[in-house]
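Please open the model in a viewer and keep the selection panel at hand. The stops below are meant to be followed in order.

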Amino acid sequence: MSNTLIMSVSGVRGIVGTDLTPELVARHAAAFGILAQESGKDRVVLARDARTSGPMFAAAAVAGLQSVGMGVIDCGLIPTPTAQLAVEHHGAAGAIIITASHNPVEWNALKFAGPDGMFLEKAAAGRLFDLAAQDILQRSGWDQIGESESDSGAVARHIDCVLDMDISVPDIEARSFRVALDCVHGAGGTIMPQLLARLGCDVVGLGLETDGVFPRSPEPVPANLSGLGDLVRDAEADLGIAVDPDVDRLALVDENGAPIGEDYTLAFAVRCVLSRRTGPVVTNLSTSMVVDDAASEFGVQIERAPVGEANVAGVMKQRNAVIGGEGNGGVMYPDLHIGRDAPVAAALVLDLLARTGKSVSGLVGAQQQYVIVKAKAPRGADLGAVYADLEATLADGSVDRQDGMRLTWDDRWLHVRPSGTEPIVRLIAEARTEEIALDLVDTARRLLEAKNN
């Protein structure tokens, strides 16, 4: 595997034309088709985001699937969660979704979902990669080639499902929210304006074109949302909403144009759901304590899983969670499906705002404030040795080794782990002051650099 071809629980991800090629896509699609046949079903959902390489890779994936006798339900350009719902709607064997999510424009990727619409867990992904690596794959003859059909109704079904959730649509409509929306020229333009309009919102848009040419770094983190903040202020909007290119993550900007951080999306969703009924809440090891605080208001303790949607989904399913997700703005609401879903997140956030009568800044101000610091470092060191040094250096912290190493105290935490989507190590810390969080990250960085040198 090269430095830019990454195979993980998040799928196969690489730079277009460098190591992610139509040949590689077709081979992995064929391997997935062979494994999908074990479900006893003969069709796979295919979808893509707006990236310019998407149509090329979609054609390669269709060829790969058909070459092993698997039929294709081609949904075209739609959000990732829309494709996951389409798997369940069609009773399909799974899905291949062509998207590199938040990665820069030169990247693309394949994500693989099973017949339940959930992304493959580590063991299943490993089987897929092993099969794709074989010299010869068994192909179908001329009379057993898979058929292909189109599905143009997936987005409309998704919107209807969101509106049927346990939210008060009349309360949201009564607030007549003005929403500034940034879809960064990704797949969000296919669904978010329609959904918000159905919820009675007045939408002012930015980047609603679905041409896949991102005008900024596409990850919906505060550093990338200055344009949305300007739009909120210019339009006197009640809030700003930003989604990533495949629409499974949502970030918020308050009514003053200030980005509040992606973790608050999940915190608000948790508060919305638990106010109606309590139950288990699951999130990953890199999620802010603002989510713990939201759950604790209802007497619920957060359960944590390794980073990655498939990992969180697996624990949610085991625990019968009522809500969960990741602190990157990915909300997972199992009443609809166990997958990150920005349209679901938008509806839950608007429902909470409508029922509480508060503004976004008002909801943020009512919670304990923390500072979260996220950094990256080159991968290369023996991370096992780094973890051992961390545990010895910060010996008073509670250790979790599910995913890299997480050290936790009552009022702060540090998480060091290899990324599953980039060739880097992620260093994330949170505390009540920036100084403390930075000190934790710097400690980890020094130990990592010492091993690299």
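**Before selecting**

The model is predicted, so local features need pLDDT of at least 70 and side-chain atom pairs count only at pLDDT 80 or more, whereas totals for chains, interfaces and linings use all residues. Residues are numbered from 1 along each chain as its sequence is written, and side-chain values use heavy atoms, with hydrogens and water left out.

**Stop 1: the second largest pocket**

Select Leu35, Ala36, Glu38, Leu120 and Ala124, which are the closest to the centre of the second largest pocket among the 13 residues that line it. The space there amounts to about 190 Å³. On a 1 Å grid over the protein atoms alone, a pocket is an open set of points where a 1.4 Å probe fits, with protein on both sides within 12 Å along at least five of seven lines; lining residues have an atom within 4 Å of a point. Grid points are joined across faces, edges and corners, and the volume is the space filled by probe spheres set on the points.

Next, colour helix 1 (22-36) and helix 4 (122-132), each of which supplies at least two residues of the lining. Helices are DSSP runs of H or I with at least four residues, strands are runs of E with at least two, and both are numbered from the N terminus. By class, the lining has nine nonpolar, two polar and two charged residues. Here Ala, Val, Leu, Ile, Met, Phe, Trp, Tyr, Cys and Pro count as nonpolar, Asp, Glu, Lys and Arg as charged, and the others, Gly among them, as polar.

**Stop 2: aromatic pairs**

How many aromatic pairs does the structure hold? There are two. Rings of Phe, Tyr and Trp (its six-membered ring) pair if their centres lie within 6.5 Å; planes under 30 degrees apart are stacked, over 60 edge-to-face, and the rest tilted.

Select Phe32 and Phe112: their ring centres are 5.3 Å apart and their planes stand at 35 degrees, so the pair is tilted. Phe32 belongs to helix 1 and Phe112 to strand 6 (residues 107-113), so that the pair links distant parts of the chain, 80 residues apart. Phe32 is buried at 4% relative accessibility, and Phe112 is buried at 4%. Buried means under 20% relative accessible area, exposed over 50%, and partly exposed in between (1.4 Å probe, protein chains only).Now select Tyr264 and Phe268, a tilted pair with ring centres 5.9 Å apart and planes at 50 degrees. These residues are four apart in helix 9 (residues 263-274), about one helical turn. Tyr264 is buried at 8%, and Phe268 is buried at 0%.

**Stop 3: a charge over a ring**

Arg406 lies over the face of Trp413, 4.5 Å from the ring centre. The criterion is NZ of Lys or CZ of Arg within 6 Å of the ring centre and within 35 degrees of the ring normal.

**Stop 4: Ile97**

Ile97 is in strand 5 (residues 95-98) and is buried, at 0%. Not counting residues up to four places away in sequence, Ile97 touches Ala47, Thr80, Ala83, Gln84, Ala109, Leu110, Lys111 and Phe119, where contact means heavy atoms within 4.5 Å. Its C-alpha atom is 9.5 Å from that of Asp246, 149 residues apart along the chain.

**Stop 5: positive phi**

Most residues other than glycine have a negative phi. Ser176 has a positive phi near 45 degrees; select this residue in the loop between helix 6 (169-175) and strand 8 (178-182), where Ser176 is partly exposed at 46%. Finish at Asn320, with a positive phi of about 55 degrees, in the loop between helix 11 (309-319) and strand 14 (323-326). Asn320 is exposed, at 61%.
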